[in-house]
Number of protein chains: 2
Amino acid sequence: MTTLEKLRERMAELADLAALEMLADWDQLVMMPSEGAPGRAHQLGALARLAHERAVGEEIGEWLAELEGEDLEEPNGDIVRLARRDWERARRVPAELAAELSRAHAEGQESWQRARASDDFAAFAPALRRNVELARTYAQCLTEEGASPYEELLNDYDFGLGTDELRRLFGELAVALPPLVAEARVRSPRRELAVPVAAQQTAVAATLRRIGVEPGSWRVDVSAHPFTTWLGRRDTRLTTRYSDGDVESLLSSLHEYGHALYERQVDPALERTNVGFGTSMSIHESQSKLWENHVARSPAFAEVLAGELGAAGFPIGAAELHATLVGVEPTLIRVSADPLTYPLHIILRFELELALIDGELAVEDLPAAWGDGMRRLLGLEVPSDALGCLQDIHWAAGSFGYFPSYALGCLIAAQLWETIETELGSREEHLRRGEVGPIQLWLAERVHRHGRRLDTRPLVEQATGRGLEVEPFLRYAGSLA
Amino acid sequence: MTTLEKLRERMAELADLAALEMLADWDQLVMMPSEGAPGRAHQLGALARLAHERAVGEEIGEWLAELEGEDLEEPNGDIVRLARRDWERARRVPAELAAELSRAHAEGQESWQRARASDDFAAFAPALRRNVELARTYAQCLTEEGASPYEELLNDYDFGLGTDELRRLFGELAVALPPLVAEARVRSPRRELAVPVAAQQTAVAATLRRIGVEPGSWRVDVSAHPFTTWLGRRDTRLTTRYSDGDVESLLSSLHEYGHALYERQVDPALERTNVGFGTSMSIHESQSKLWENHVARSPAFAEVLAGELGAAGFPIGAAELHATLVGVEPTLIRVSADPLTYPLHIILRFELELALIDGELAVEDLPAAWGDGMRRLLGLEVPSDALGCLQDIHWAAGSFGYFPSYALGCLIAAQLWETIETELGSREEHLRRGEVGPIQLWLAERVHRHGRRLDTRPLVEQATGRGLEVEPFLRYAGSLA
């Protein structure tokens with residue numbers, strides 16, 4: 001084997017191990033009997049330890065040193081460049097710490113599920129404390145002298161973005177959004193709409209089928225917190241959840257579809273390489289938010305959704321459904337927040353996780369700090385931790401630095417959508433008929449196919465011709481207000 | 001860490017990797033979208049290659065050499081003894097061959113599923129030929145000068161049993177069974193009983209719940225071929241299948257329950273060691289056959305099953321149900337065969353796979369040889385390969401040498417059941433009330449808790465006070481005839 005072949009074989013192996021880890025995670029959240037958790041934690045620990053060992057081998061450094069002198073055809077140049085980046089970062093983390101992180105995250109999720117069900121933050125606090133301490137230990141392995149541990153955690157999700165840039169973007173949003181929220185609460189108020197679960201399930205299945213979800217290469221399941229898993233380009237698994245009291249599933253299934261489509265449209269030539277994945281969490285979230293905010297929440301696509309609900313035995317007008325999907329009202333739960341207050345939920349989490357990691361906030365003080373933040377940013381009192389700091393799985397799974405990508409996703413989605421409508425023309429007539437083919441193709445060409453070739457900023461610049469901006473999202477927000 | 005701790009940590013890691021492999025297999029057969037197959041084959045290949053590497057390391061030999069001189073407390077003595085056996089066998093198999101086997105078996109299963117659905121043996125032949133050749137290559141790695149490759153394959157499933165012993169036992173059966181079949185066909189003829197799938201599902205769920213299957217640590221799913229997976233003592237997954245035309249699910253779910261209970265009742269002190277699993281396929285099959293033949297097919301337990309069918313909206317008398325469950329008639333399909341003709345199906349497969357591995361039968365001649373064998377042993381014409389040599393998954397998954405355990409399981413189950421009734425008294429009154437606690441306890445104590453501490457023969461001798469015999473099964477067969 002040539003040196004290049006050796007490197008590519010190792011990258012393929014790491015991609016296979018990553019898929020197995022995703023399978024074990026998916027199974028734990030969707031299929032596993034609850035008492036399987038301790039065993040699963042051991043299994044994930046073993047997998048993480050082995051994957052880490054294979055990712056940090058000295059031989060990779062030798063291969064890279066040899067290949068970096070060569071003139072390589074694409075995608076091999078990018079494979080070598082990203083292998084260097086990943087190898088340098090991974091080898092700073094001891095194998096035992098990697099395994100401990102994996103075990104703690106599996107156990108943290110179990111603890112969180114029980115604590116959330118019984119609204120008992122104290123029962124979750126030890127697991128969260130362990131996760132915070134481990135995240136700090138992990139970040140310290142990566143941090144250069146003087147850099148902030150939080151910024152290193154961010155780099156795992158969005159390479160090249162910094163805490164200061166987030167402060168700037170989120171600062172602009174925090175100033176400009178509240179007046180738009182105040183207007184929208186009046187003009188486009190929140191409405192209740194209770195749709196029976198069975199009708200939602202039928203409508204979701206039919207809508208997803210219209211846009212390409214078929215059983216030969218997709219699964220759609222239910223989980224406590226919707227998420228998407230890709231175990232290869234042709235094994236995509238999205239989850240959603242259903243409640244009789246709302247229509248959240250219509251939005252969350254389109255949201256998860258956006259994540260799924262991204263991974264499915266990466267250039268097949270990059271499959272089982274270290275370049276063949278979505279490039280960052282914020283670009284990933286821009287894909288989910290594009291389908292959630294700009295497709296599912298459009299007046300035109302509401303006609304499709306209303307039609308499917310009608311066919312499922314729940315007749316409703318498109319205008320009424322649309323008004324429900326875009327109604328604005330500050331609420332307690334992030335995942336069911338309206339599109340305007342949503343980024344304010346993220347700004348809260350960004351502030352709190354930054355403080356947790358920097359040691360400025362103790363875990364036991366989190367519920368109180370959460371309450372203060374919700375009061376300040378959204379004007380709400382938090383009646384219980386289940387509706388407060390226990391609502392999200394992320395910290396239970398050790399994901400600190402992940403939340404900002406949700407707000408960045410809103411911004412980038414709006415910026416991409418403006419570019420799509422500039423280049424392809426208004427999507428209104430197409431969406432009314434449920435035609436999304438041209439959108440899928442545009443995204444494949446401008447965003448998806450690149451995989452990790454371009455990081456967040458260069459990708460946004462390449463796709464839209466501009467840097468990261470808040471204005472397109474504010475214009476979208478203004479259109480709702 | 002002490003040397004013993006190092007060895008035990010490695011054994012725990014191998015147990016974790018084995019659980020992940022079982023998860024990936026289970027998912028492929030129960031959950032995975034069909035187009036995920038090529039990706040899954042890569043993932044299983046990577047896992048097998050890594051597990052093999054960790055199982056054959058030189059360091060294990062050094063640890064063992066050191067520990068074999070020490071006086072170790074149990075279970076450490078058995079851990080060292082079995083680690084030596086497994087290490088010696090595993091290191092003879094090159095890592096690349098192990099990975100190739102894993103890939104071929106995943107792809108073989110996919111090919112088989114398609115071929116079986118379209119009754120197209122030719123479409124499956126290339127995958128089967130590859131599996132036969134790889135099995136031969138694999139066996140040749142293990143074979144001492146002059147030993148038969150088939151015997152080495154057998155050793156993977158039933159260490160210490162030989163081809164000659166199988167010929168003797170199966171020879172006795174092949175002589176003694178046909179007269180009993182002829183009698184039973186008259187006295188206890190096959191009856192058709194069509195129970196709607198929904199009633200079967202309800203009755204199966206209720207029956208399993210009565211004997212300890214609860215959702216906290218079990219899953220019950222549907223698959224093309226019923227099987228059982230254990231991902232830890234508290235994550236047990238059994239599958240069954242339902243058809244409107246029969247009541248097979250009542251038997252197959254109890255059959256799979258027997259496998260599951262075995263693994264769940266291994267001594268917890270052996271968990272995540274190399275001793276903490278069922279000791280052999282024939283003992284495993286004795287556990288499933290004990291629940292299938294001696295519990296589910298007893299006149300007493302038929303009262304429980306009939307009661308559950310009645311509660312599920314399908315009223316039926318216990319005597320009629322029992323007569324259906326034990327009716328004897330030569331048929332084409334192994335898994336739905338009556339308890340008397342069942343071993344004849346196995347003898348056919350034993351003969352054919354022995355001939356395939358020894359090179360005396362070419363893959364393309366398999367359908368004809370199958371037809372000849374069915375004519376000779378069961379007096380039946382085989383109308384299609386889907387009802388013939390495509391009916392079982394085993395060869396598609398590369399499992400040669402596995403089938404004999406099914407017939408051995410029938411023999412050992414009968415031998416254990418006679419011992420249970422001798423020691424505990426007739427089970428009739430208990431089974432009538434669905435009380436299986438004393439049986440579960442007896443099995444835990446005499447069979448399950450030992451894990452791999454005892455191989456097949458010493459385990460049977462310890463549990464029953466006698467060697468492997470055909471007479472108890474023939475007495476059971478006589479009771480039906």
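Tutor: Chain A exposes about 17500 Å², of which carbon and sulfur atoms supply 51%, the areas coming from the Shrake-Rupley method with a 1.4 Å probe and, for residues, with only the protein chains shown counting as cover. This is a predicted model, in which local features need pLDDT of at least 70 and side-chain atom pairs count only at pLDDT 80 or more, while totals for chains, interfaces and linings use all residues. Residues are numbered from 1 along each chain as its sequence is written, chains are lettered from A and ligands numbered from 1 in the order in which they are written, and side-chain values use heavy atoms, with hydrogens and water left out.

Of the 481 residues of chain A, 62% count as buried, that is, under 20% relative accessible area with a 1.4 Å probe and protein chains only. The secondary structure comes to 20 helices and 3 strands, which are DSSP runs numbered from the N terminus (helices H or I, at least four residues; strands E, at least two).

Pro343(A) is buried, with a relative accessible area of 0%. Leaving aside neighbours within four places in sequence, Pro343(A) is in contact with Leu173(A), Leu177(A), Ala407(A), Cys410(A) and Phe473(A), where contact means heavy atoms within 4.5 Å. The C-alpha atoms of Pro343(A) and Leu408(A) are separated by 8.6 Å, although these residues lie 65 residues apart along the chain.

Definitions and conventions:
Buried means under 20% relative accessible area, exposed over 50%, partly exposed in between (1.4 Å probe, protein chains only).
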